[in-house]
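Colleague: Hi! I'm new to this one, could you walk me through it?
Modeller: Happy to, let's bring it up.

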Amino acid sequence: MEDQAHPTDSTDSTDSTDSTDSTAGPDHEQRWAELADLVLIISREVQFRGYADERAIPLSPSEGMVMRYLQREPDAPPSRIADATGLQRTNLSTVLGGLERKGLVERRADPGDGRGVTVRATELGRTNYALVRREWATAVSDAASHDTEHLDAALALLTAVETGLTRTRPRNRATRPATGT
């Protein structure tokens with residue numbers, strides 16, 4: 001079944017060698033670029049709209065990444081948070097300080113090694129994260145007119161993309177980060 005939103009040009013010979021290759025050829029390259037553009041635009045729109053509930057504590061993108069990680073890993077040393085989020089340790093320190101001032105995280109001495117520190121979300125941090133996720137869900141669902149027909153497929157594809165990008169993330173930033181222009 002051909003994707004009606006992105007019909008393929010039957011005269012294009014670049015895809016003729018293997019019609020099952022989902023990465024080769026100009027049509028696929030353009031569609032992957034379109035997906036990347038849409039993800040960046042959607043992310044910005046979700047952030048831009050803010051929160052309807054006055055109890056919601058706004059988060060920067062970096063703060064959101066840290067809070068998202070702490071939902072899955074309740075007690076984590078800063079080094080593991082930095083690795084998982086792709087933040088440099090110096091930037092992470094600044095982010096953690098902001099989250100502490102907002103009352104969303106706390107640092108504790110590592111019980112296994114008194115010299116080390118672990119970070120955990122506070123009750124307010126966990127509650128705030130659940131609240132903002134509900135707001136994100138409402139905004140995105142409303143924008144899609146509550147159409148769930150392709151939701152599972154979209155989630156599967158975006159999860160695979162996120163996993164692949166995270167797995168292949170450069171360990172050092174020799175190049176400049178993309179700005180989403």
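**A chat about the fold**

Modeller: Let's begin with arginine 120, which lies in strand 2. Keep in mind as we go that this is a predicted model.

Colleague: Nice. How many residues does that largest nonpolar core have, and which have the most contacts inside it?

Modeller: The core has 19 residues, and those with the most contacts inside it are Val66, Met67, Leu70, Ile81, Leu92 and Leu99. Two or more residues of this core come from each of helix 2 (61–72), helix 3, helix 4 and strand 2 (113–121).

Colleague: Let me zoom out for a moment. How many helices and strands are there in the protein?

Modeller: The protein has six helices and two strands. Along the sequence, the pattern reads α-α-α-α-β-β-α-α.

Colleague: What share of the residues is buried?

Modeller: Of the 181 residues in the protein, 22% are buried. As for contacts between residues at least 6 apart in sequence, 51% of them join residues at least 24 apart.

Colleague: Back to the helices, then. At what angle do helix 2 and helix 3 pack?

Modeller: The angle is about 110 degrees, and the axes are 10 Å apart. That angle makes helix 2 roughly perpendicular to helix 3. The crossing of helix 2 past helix 3 is right-handed.

Colleague: Which residues make the contact?

Modeller: Helix 2 brings Met65, Val66, Tyr69 and Leu70, while helix 3 brings Arg80, Ile81, Ala84 and Thr85. Sorted by class, this contact of helix 2 with helix 3 has six nonpolar, one polar and one charged residues.

Colleague: How about helix 3 and helix 4, at what angle do their axes cross?

Modeller: The axes of helix 3 (residues 78–85) and helix 4 (residues 89–101) cross at roughly 105 degrees and come within 10 Å. Helix 3 is therefore roughly perpendicular to helix 4.

Colleague: Which residues meet there?

Modeller: From helix 3, Pro78, Ser79, Ile81 and Ala82 meet Arg89, Leu92 and Leu96 from helix 4. The classes in the contact of helix 3 with helix 4 are five nonpolar, one polar and one charged residues.

Colleague: While we're on helix 4, is valine 95 buried or exposed?

Modeller: Valine 95, which is found in helix 4, counts as buried because its relative accessibility is 11%, under the 20% cut-off. Apart from neighbours within four places in sequence, valine 95 is in contact with Ser62, Glu63 and Val66. Leucine 59 is 36 residues from valine 95 along the chain, and their C-alpha atoms are separated by 10.0 Å.

Colleague: New topic: where is serine 145 found?

Modeller: Serine 145 is in the loop between helix 5 (123–143) and helix 6 (151–167). Its phi is positive, about 55 degrees, although serine 145 is not a glycine.

Colleague: Are serine 145 and histidine 146 buried or exposed?

Modeller: Serine 145 is exposed, with a relative accessible area of 58%. Histidine 146 counts as exposed at 52% relative accessibility.

Colleague: Last one: where is serine 43 found?

Modeller: Serine 43 is in helix 1 (residues 26–49) and is partly exposed, with a relative accessible area of 40%. The C-alpha atoms of serine 43 and proline 61 are separated by 9.6 Å, and the two residues are 18 apart along the chain.

Colleague: Great, thanks for the tour!

Key: Residues numbered from 1 in each chain as written. Predicted model: local features only at pLDDT ≥ 70, side-chain atom pairs only at ≥ 80, totals over all residues. Heavy atoms only, no water. Axes fitted to C-alpha atoms, helices over the stretch in contact; angles between N-to-C directions. Helix = DSSP H or I, 4+ residues; strand = E, 2+ residues; numbered from the N terminus. Parallel < 35°, antiparallel > 145°, perpendicular 65-115°, else oblique. Contact = heavy atoms within 4.5 Å. Nonpolar A, V, L, I, M, F, W, Y, C, P; charged D, E, K, R; others polar. Core = buried A, V, L, I, M, F, W, Y, C linked by side-chain atoms within 4.5 Å. Buried < 20%, exposed > 50% of the residue type's maximum accessible area, 1.4 Å probe, protein only. Left-handed = near helix turned anticlockwise from the far one by under 90°.
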